[in-house]
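The sequence and the coordinates are shown first.

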Amino acid sequence: MKKIFLLAVLAGGLAFGQTKKVVASDVHWWGYKIAKSEASSHDGTIKVKSGNVVLKGNQVVGGTFVLDMTSISSTDLSGEYQQKLNGHLKNGDFFEVEKYPTGTFVITSVKKNNDKTYNSLVTGNLTVKGKTNAVSFPAKIAIANGAVTIESNKFSFDRQKFDVAYKSTMQDVFVKDDIDMTVKVTAK
């Protein structure tokens, strides 16, 4: 009887998948002024606070990632200018991190992509400032030695869909709506 119960537990685990915990991450963002160019942009990072990747067989079928919005930081500036921009990003003009200290991304599907390098298309629900919208991005997914790595190509999403906007509509004209990102997470 104990052997049958143990077999049922093992089979159930295989049917529902295996969960791996995020152990490393690199999330990079780019924001642009009127002209979308390197000269008119700022870029930086956001830390992943926690997360997991769900495998079924040898395929990624889900995952949840919690972004630490209080960690948003520009990397293209230093000193006083970096401190000013970081404060601006964290206040009510953009991400309101005191009210919304975390964001989340929940994978809803992973499909094949017709790109040799980024062979998967990851789709999920991104929640920022209490607003949730679907976001998709091309990614390369590797599974080796008990670790799963998901690495995106650069992708864009519309910040306005998440209420990430200046409070003054005139100022919003000077900032592009698109935010570009790259994401790399490793889970074991």
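Which strands each supply at least two residues of the lining of the largest cavity? In this predicted model, the strands that do so are E3 (59-74), E4 (102-112), E5 (120-128), E6 (131-144) and E9 (175-187).

The structure contains 1 cavity of 30 Å³ or more. The volume of the largest cavity is about 210 Å³. Its lining is made up of 15 residues, and those nearest the centre are Phe65, Leu67, Phe105, Phe137 and Val183.

With 3 residues, strand E9 gives the most to this lining. In composition, the lining has 15 nonpolar residues, no polar residues and no charged residues.

## Strand pairing

With E2 (residues 41-56), strand E3 pairs in the antiparallel sense over 11 bridges. Within this pairing, Asn52 stands opposite Thr64 of E3. The hairpin of E2 and E3 has 2 residues between the strands, and Gly57 adopts a positive phi near 70° there.

Strands E3 and E4 also run antiparallel, and 6 bridges join them. Thr104 in E4 is the bridge partner of Val66. As a rule, side chains in a regular strand alternate between the two faces of the sheet.

Arg159 is located in the loop between strand E8 (155-158) and helix H3 (169-172). Is this residue buried or exposed? Arg159 has a relative accessible area of 2%, below the 20% limit, and therefore counts as buried.

The side chain of Arg159 contacts two backbone oxygens. That of Val164 is reached at 2.7 Å, and that of Lys176 lies 2.9 Å from a polar atom of the Arg159 side chain.

Arg159 also takes part in a salt bridge with Asp177, at 3.4 Å from N to O. Because Asp177 belongs to strand E9 and Arg159 to the loop between E8 and H3, the pair ties together parts that are 18 residues apart in sequence. Asp177 is partly exposed, with a relative accessible area of 32%, whereas Arg159 is buried at 2%.

## The other salt bridges

How many salt bridges does the count give? The count comes to 3, including the Asp177 and Arg159 pair already described.

Lys84 forms a salt bridge with Glu80, and the closest N and O atoms are 3.1 Å apart. Both residues lie in helix H2 (residues 79-90), where a separation of 4 residues corresponds to about one turn of the helix. The relative accessibility of Lys84 is 51%, so Lys84 counts as exposed.

Lys129 forms a salt bridge with Glu96, with 3.0 Å between the closest N and O atoms. This pair links distant parts of the chain, 33 residues apart: Lys129 is in the loop between E5 and E6, and Glu96 is in the loop between H2 and E4. Lys129 has a relative accessibility of 5% and so counts as buried.

## Summary

The largest cavity, of about 210 Å³, has a lining of 15 nonpolar residues, with strand E9 giving the most to it. Strand E3 pairs in the antiparallel sense with E2 and runs antiparallel to E4.

Definitions and conventions
Residues numbered from 1 in each chain as written. Predicted model: local features only at pLDDT ≥ 70, side-chain atom pairs only at ≥ 80, totals over all residues. Heavy atoms only, no water. Buried < 20%, exposed > 50% of the residue type's maximum accessible area, 1.4 Å probe, protein only. Polar contact = N/O pair within 3.5 Å; in protein donor to acceptor, adjacent residues only side chain to side chain. 1 Å grid on protein atoms, 1.4 Å probe; cavity = no way out; pocket = protein on both sides within 12 Å on 5 of 7 lines; lining within 4 Å. Points joined across faces, edges and corners; volume = space filled by probe spheres on them. Nonpolar A, V, L, I, M, F, W, Y, C, P; charged D, E, K, R; others polar. Salt bridge = Lys/Arg side-chain N within 4 Å of Asp/Glu carboxyl O. Pairing = 2+ DSSP bridges.
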